[in-house]
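Let's take a walk through this one together. Have the sequence and the 3D view open as you read.

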Amino acid sequence: MLAVQNVTMRYGAKVLFEDVTTTFNPGRCYGLTGPNGAGKSTFMKILAGEMEQQTGTVQRPRKMGILRQDQFAFDEFRVIDTVIMGNKPLWAALEERDRIYEKAEMTDEDGMRLGELEGIVGDEDGYTAEADAAILLDGLDIPEELHERKMSELQGGQKVRVLLAQALFGHPQALLLDEPTNHLDLESIHWLKEFLNNYDGTVIVISHDRHFLNAVCTHIADIDYRTIIQYTGGYDDMVMAKTQLRSRIESENEQREKKIAQLNEFIARFAAGTRSSQVNSRRKEVERLAPGDLARSNIQRPFIKFEMRKPGGRHAVEFEGVVKGYDAEGKRLDVIKGFTASVSRGEKIAIMGRNGVGKTTLLNALLANAPGVTEPNLSLEAGTVKWGHEVSVGYFAQDFKESIPKGYTMVDWLRQFDPDATIEQIRGVLGQMLFRGEEGTKKTEVLSGGEACRLMFCKLMLQKPNVLVFDEPTNHLDLEAVIAVNTALQAYPGTLLLVTHDEDLIDEVATRIWSFDHGKITDFQGTYDEFLTKA
């Protein structure tokens with residue numbers, strides 16, 4: 001069982017959660033929710049034993065799987081060994097066994113110890129460990145030829161998937177997963193969903209992917225009001241229940257305040273008269289009815305609205321025979337092989353496919369001569385790309401921090417994207433993305449990933465382009481901001497090219513699909529739901 005009792009965590013005057021007592025039962029998957037800064041990762045570290053709570057106690061099962069965030073911690077180890085390390089007792093037994101076998105001569109004590117170690121290896125399914133680890137890696141799209149490689153040879157996204165396999169390995173009684181879908185493509189996310197839905201232990205997961213939370217969670221543990229409240233169901237169920245609960249409390253308080261006003265009126269009229277017993281009775285009633293203070297929610301909702309300065313021509317972009325690739329291990333690899341398409345004004349195209357198939361590469365080729373795009377390292381190798389009449393492009397790169405130069409305040413950097421905007425208007429846009437007060441004077445080089453991401457949205461709102469190109473825009477956003485992006489893109493009247501693994505975003509926004517599969521790009525004219533039906 002995984003449980004906490006009277007756990008408190010605060011930083012200075014800021015209370016994240018106080019006197020939290022809650023239990024996480026086997027067979028259930030809990031989504032740990034709350035906005036950025038609410039304390040989700042802190043609480044997860046407390047559960048994992050990686051951080052000490054300030055008060056209270058934590059009860060943990062013997063074996064827990066934890067998704068590690070440090071991609072470089074295992075660089076010296078083989079991929080397959082990194083996965084097996086997820087079972088600590090097994091890995092410790094295997095290491096000690098190897099050390100004994102490496103001895104030139106073994107003592108009787110060594111022989112006895114080897115027997116004990118073989119027992120541990122057997123109990124922990126050590127004799128099938130490599131095969132079991134390989135199955136996990138295959139499901140997460142780490143091909144067999146990489147299993148014997150060192151972790152240092154893998155790309156960042158591949159490392160994340162290996163670390164996820166490590167967390168899942170060895171049948172842990174509880175899984176703690178912090179943003180497990182980051183850097184996963186849709187097929188890997190579907191595999192993970194199926195795994196978690198069949199898993200019989202306790203799962204606690206932090207994710208900004210609403211579709212994923214709704215698909216895997218039986219309960220939501222929401223950090224808000226300085227505590228953790230559990231709700232039954234997925235994320236959408238929690239939002240509805242939480243809204244209804246708060247509305248009910250507010251309605252009850254409103255009725256109480258009306259009754260109190262009537263009682264106070266009676267007290268004021270007859271306090272000096274002969275009806276003292278009735279006055280005293282009503283004073284006690286007022287004390288009883290006094291509404292409890294509504295704890296203040298820590299949820300902050302950004303307001304995102306993408307507008308167009310001009311609508312642009314009937315065709316946003318037309319391209320023919322686009323070729324783009326890269327050099328890998330001394331060989332030339334063409335990823336985009338002569339893709340041809342025409343995009344009409346107002347179309348919203350989701351670009352889908354497994355990691356590494358060329359989605360970002362395609363965007364880099366199309367944007368090489370795009371009006372309004374100044375990001376470096378964009379090039380077209382072959383083919384033609386023709387952007388439409390009066391098209392203006394707003395680009396959100398996957399590595400968006402490189403789009404923000406150092407040495408500016410946020411306000412000064414944003415001014416160049418709408419020279420006519422006043423300082424007050426720029427501060428207003430910053431406020432929409434939850435930058436308060438003097439935060440606009442913050443230097444661009446000290447921004448966190450989440451802050452830089454929100455600043456890019458400010459830029460796009462000021463630019464008012466008629467074509468938006470988004471490459472994984474939700475990776476650094478909390479759920480409230482992801483929902484705001486979804487709403488804004490549905491309402492956006494312009495043209496959209498969107499790379500994302502967020503299924504809700506694809507399902508609710510896209511009107512057309514470009515799907516990468518085995519070196520081929522399928523151009524599907526229709527929604528994601530229609531695409532799945534045809535597949």
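A residue counts as buried here when its relative accessible area is under 20%. Keep in mind that this is a predicted model. With that cut-off, phenylalanine 24 is buried, because its relative accessible area is 0%, and tyrosine 30 is buried at 0% too. Their ring centres lie 4.9 Å apart with the planes at 90 degrees, so this pair is edge-to-face.

Now look at phenylalanine 319 and tryptophan 514: the ring centres are 5.8 Å apart and the planes sit at 85 degrees, so that pair is edge-to-face. Phenylalanine 319 belongs to strand S10 and tryptophan 514 to strand S17, so the pair ties together parts 195 residues apart in sequence. Both ends are tucked away, with phenylalanine 319 buried at 3% and tryptophan 514 buried at 0%.

Strand S17 takes us to a sheet. Six strands make up this open sheet, in the order S14-S15-S16-S12-S17-S18 and with mixed pairing. S14 and S18 stand at the edges with a single partner strand each, so one side of each has no neighbour in the sheet. From one strand to the next, the twist averages 15 degrees. S17 and S18 run antiparallel and are joined by five bridges; isoleucine 513 has phenylalanine 524 in S18 as its bridge partner.

Helix H14 lies across S14 and S15, running at about 175 degrees to S14. Elsewhere, ring pairs link Phe306, Phe396, Phe400, Phe457, Phe470 and Tyr492 into a cluster. And the charged end of arginine 454 sits over the ring of phenylalanine 435, 4.4 Å from its centre.

Notes
Residues are numbered from 1 along each chain as its sequence is written. This is a predicted model: local features need pLDDT of at least 70, side-chain atom pairs count only at pLDDT 80 or more; totals for chains, interfaces and linings use all residues. Side-chain values use heavy atoms; hydrogens and water are left out. Two strands pair if DSSP finds at least two bridges between them. Helices (H or I, at least four residues) and strands (E, at least two) are DSSP runs, numbered from the N terminus. Axes are lines fitted to C-alpha atoms, for helices over the stretch in contact, and angles run from 0 to 180 degrees between N-to-C directions. Contact means heavy atoms within 4.5 Å. Rings of Phe, Tyr and Trp (its six-membered ring) pair if their centres lie within 6.5 Å; planes under 30 degrees apart count as stacked, over 60 as edge-to-face and the rest as tilted. Buried means under 20% relative accessible area, exposed over 50%, partly exposed in between (1.4 Å probe, protein chains only). A charge sits over a ring if NZ of Lys or CZ of Arg is within 6 Å of the ring centre and within 35 degrees of the ring normal.
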